[in-house]
Amino acid sequence: MKDAAPQTINLADYQPPAYLIDAVHLSFRLDPKATRVRSRITFRANPDGGDRGDLVLDGENLKLISARIDDSPLNTDEYLLTEIGLTVPAARLPGDSFTWEAEVEIAPEDNTALEGLYMSNGMYCTQCEAEGFRKITYYPDRPDVMAPFTVTVESALPVMLSNGNPQDPDFARNPDGNLPVSATTWHDPWPKPAYLFALVAGDLRAVSDRFTTMEAKDIALNIWVRLGDEDRCAYAMDALKRSMTWDEQVYRRAYDLEMFNIVAVDDFNMGAMENKGLNVFNSKFVLASPETATDRDFDFIERIIAHEYFHNWTGNRITCRDWFQLCLKEGLTVFRDQQFSADMRSAPVKRIEDVVQLRARQFREDAGPLAHNVRPEHYVEINNFYTATVYEKGAEVIRMLRLIVGPDGYDQALQLYFDRHDGQACTIEDWLAVFEDATGRDLSQFKRWYSQAGTPRVTLEEQFRNGTYSLTLRQTIPPTPDQPRKEPALIPIAFGLLSPRGVETHPTRVIELADAETTVIVGGLAEKPVPSLLRGFSAPVILDHTPDFTDRALLLAHDTDPFNRWEAGRSLARETLLGMLSDTNTAPAPAFLDGLMHLADDDSLDPDFRALALALPSEDDIAQGALEHGLVPDPSAIHATRKALKEIIGTHLRPVLDRLYDALDPGPDYSPDAIQAGKRALRNTALGLTAHLDQGARARTHYDGAGNMTDQLAGFACLLDQGDPDIAGQFHDQWQGDRLVMDKWFTLQVSHAAPDVAVATAEALTGHPLFDWKNPNRFRAVIGGLTAGNPAGFHDPSGAGYGFLADWLIRLDRTNPQTAARMSTAFETWKRYDTDRQALMTGALNRIAQTRGLSPDLTEMTARMLA
Ligand code: B3K
Ligand code: ZN
């Protein structure tokens with residue numbers, strides 16, 4: 001708990017820091033219950049900070065042992081100590097420059113929030129973003145105070161790491177840590193904000209490699225893991241080296257320290273953290289072997305390793321002025337990791353996957369009570385704003401910017417950004433200014449993407465007369481919390497035209513919808529064309545346009561834009577599902593099923609593209625679609641309808657699916673590359689669509705013969721669906737010693753449980769001896785397995801799912817508010833549902849909100865959802 005009345009922080013109230021820091025020296029004597037942290041910090045008045053004022057330092061849960069300024073001890077009446085910090089009045093300060101020294105004591109073993117310095121399986125580690133450093137020592141814990149750090153760590157543990165370069169030459173020579181050292185010193189020459197500080201100490205093993213930069217510097221690379229995990233690091237190391245090469249080739253950015261360290265930690269609130277020179281990762285995003293990790297896991301590892309590495313320039317060398325600017329580093333770094341994955345794998349498949357995620361997470365957020373700007377303007381707890389809107393919509397905004405100024409303009413702007421702002425803490429205004437200066441383009445309207453929440457909707461009207469086709473596009477942006485009215489956004493719409501026989505007559509061009517309405521006219525046409533709009537998903541908007549069936553079938557078969565080909569199929573599937581939902585006697589149109597069959601059977605298409613095209617919209621997606629068609633979504637009916645359509649597709653496509661299943665066996669030599677992974681994805685899709693036809697017999701053979709986790713898990717899922725009574729026990733007995741695989745075991749049992757027993761299944765699993773609810777991965781596996789993985793179970797009409805989630809959130813909040821707050825977003829869609837469910841969900845939310853001693857994190861989330 002921070003203090004009794006958490007404050008709202010406003011962007012408009014930003015003030016520059018009164019003091020800057022020239023150097024920070026920290027020394028840690030590690031102890032689980034009584035770690036001593038000594039700090040020596042040289043301050044100087046900020047010439048741009050207004051009048052020299054009090055020295056205000058943040059600090060929470062710290063036991064102050066002593067404090068000095070310029071060697072003179074501070075008496076207790078010479079500073080003001082509160083639960084959130086320490087203030088030395090200006091009158092007690094010796095002048096414009098002075099040295100602050102303090103010693104504090106902290107208890108990492110008692111830190112269950114996993115923020116600040118904490119322990120995970122006997123290892124010390126830190127998580128400081130956003131405001132965790134204040135739990136380590138007194139400091140101006142804000143991103144616009146940047147300083148070089150020197151850190152000494154003392155302990156009996158063999159490996160002690162911090163940011164920057166090791167100062168002990170022996171360490172650099174022998175990073176395995178088996179040296180009889182009791183202290184190690186690290187120096188990070190690059191000024192950084194406190195949120196990028198990191199410390200790790202433990203009995204760790206290094207998997208090491210080297211990389212030579214384009215500046216001919218030789219870099220030592222280490223991935224630090226627990227004994228026994230060394231053979232699961234090869235893919236992460238390979239992904240790191242490919243990321244380093246890619247950033248040099250595409251953005252001309254080279255690594256800037258002598259060493260780059262990655263540490264895998266089991267207890268971690270999120271995916272990973274980009275601390276300077278010492279990235280800390282949730283072990284599930286580092287450790288992988290074919291037997292234990294799926295193709296999807298490998299894909300995530302590649303992406304997250306790249307993301308954290310790319311932060312070295314976009315986030316660390318250039319950081320955010322304040323936390324409102326979070327998208328400056330996150331949107332840009334997500335965009336960069338998306339570009340990287342598109343280059344490493346199939347670009348169209350990557351784009352489709354990203355859009356599926358964007359719609360599932362960000363559109364959902366934008367449509368509900370938690371909608372907020374890409375650059376929020378106020379917050380209570382900043383950790384609540386590490387959202388799909390800041391990250392994924394933030395990346396979409398940059399993608400649009402690149403489309404508008406073109407790849408060369410983008411490249412010039414980025415190089416100017418690096419040149420102009422290296423070493424600075426910046427704003428969105430700085431970011432847009434480099435684009436304006438590099439390209440001469442006025443971006444004042446474009447800037448609205450940062451300050452208006454809500455997903456724009458675009459409608460269109462077509463006319464064809466005397467060989468002239470006119471297309472009128474209109475935009476509206478729905479009201480969102482605090483924003484009843486919106487101004488038109490600048491929406492780039494990539495489009496092309498096809499003839500009614502499926503030949504592209506007009507290749508892609510981009511029009512800018514800048515006003516409420518705009519019309520495009522194309523003349524000289526023999527017949528009314530079929531438009532292919534929003535190609536590549538050129539803007540994060542909802543196109544309120546459902547072309548007629550034959551036009552979509554034509555786009556599905558012939559569009560040159562792979563994204564829109566997939567989109568046409570997806571739209572037909574959604575319409576089919578909605579038709580079946582509103583009238584249970586409706587059967588899918590044979591032309592839809594045949595279209596899918598032709599696509600599945602077309603070996604000229606990438607297998608992973610075909611797998612995506614055969615995947616039905618998720619139940620949550622259908623619920624949102626139902627709402628938009630004026631239906632109140634019924635999660636149980638949605639589940640049953642989706643299952644029915646899946647079986648109809650499986651039955652109709654059986655000969656093709658059987659052929660694919662037999663033809664696509666990639667053989668025993670597993671590689672996680674995109675080509676093999678694509679084949680497995682299509683083959684396992686074929687298996688899943690047909691499992692009901694032989695009551696899981698083929699799935700059983702598949703499971704028993706699986707040589708890798710991707711296939712084993714696909715078989716496991718089918719067998720759970722078919723109600724195989726032994727499969728959960730068998731999987732458990734094989735993998736009970738492996739924590740990452742067991743997370744999958746927990747999740748799949750809940751997500752594949754029949755809706756009427758899903759809550760009971762989740763509840764029973766929380767009583768399993770391996771259910772460690774304080775471990776965020778395990779908590780998410782079971783509780784998230786229900787809320788995200790089994791919507792019909794979560795929304796059971798009894799309200800049992802809501803009660804189950806509320807109970808667990810209240811319990812988790814006492815130890816780990818950040819993860820509890822994040823998991824509470826399962827309630828964000830409550831307004832979608834019928835009045836009974838609405839009452840049950842708001843009842844659960846109110847019960848959480850009224851809990852005594854609730855964290856500011858969860859208090860803010862429940863208040864926003866109930867507002
Ligand atoms: N920057 C971190 C996220 C920190 C989350 C703090 N609650 C990881 C990332 O985006 O790369
Ligand atoms: Zn990031």
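Among contacts in the protein chain (heavy atoms within 4.5 Å) between residues at least 6 apart in sequence, 71% join residues at least 24 apart. This is a predicted model, in which local features need pLDDT of at least 70 and side-chain atom pairs count only at pLDDT 80 or more, while totals for chains, interfaces and linings use all residues. Residues are numbered from 1 along each chain as its sequence is written, chains are lettered from A and ligands numbered from 1 in the order in which they are written, and side-chain values use heavy atoms, with hydrogens and water left out.

The protein chain holds 27 helices and 31 strands, which are DSSP runs (H or I, at least four residues, for helices; E, at least two, for strands). Its radius of gyration, taken over C-alpha atoms, is 28 Å, close to the 29 Å given for 867 residues by the globule rule, so the chain is as compact as a globular protein of that length. That rule is 2.2 Å times the number of residues to the power 0.38. Of the 867 residues, 60% are buried, meaning under 20% relative accessible area with a 1.4 Å probe, protein chains only.

The zinc ion (ligand 2) is coordinated by His307 (NE2), His311 (NE2) and Glu330 (OE), at 1.9 to 2.1 Å. Donors are N, O and S atoms within 2.8 Å of the metal (3.2 Å for Na, K and Ca); water is not among the atoms, so sites may look incomplete. In sequence, the donor residues follow the spacing H-x3-H-x18-E. His307 counts as buried, at 8% relative accessibility, and His311 is buried as well, at 0%.

How values were computed
Buried < 20%, exposed > 50% of the residue type's maximum accessible area, 1.4 Å probe, protein only.
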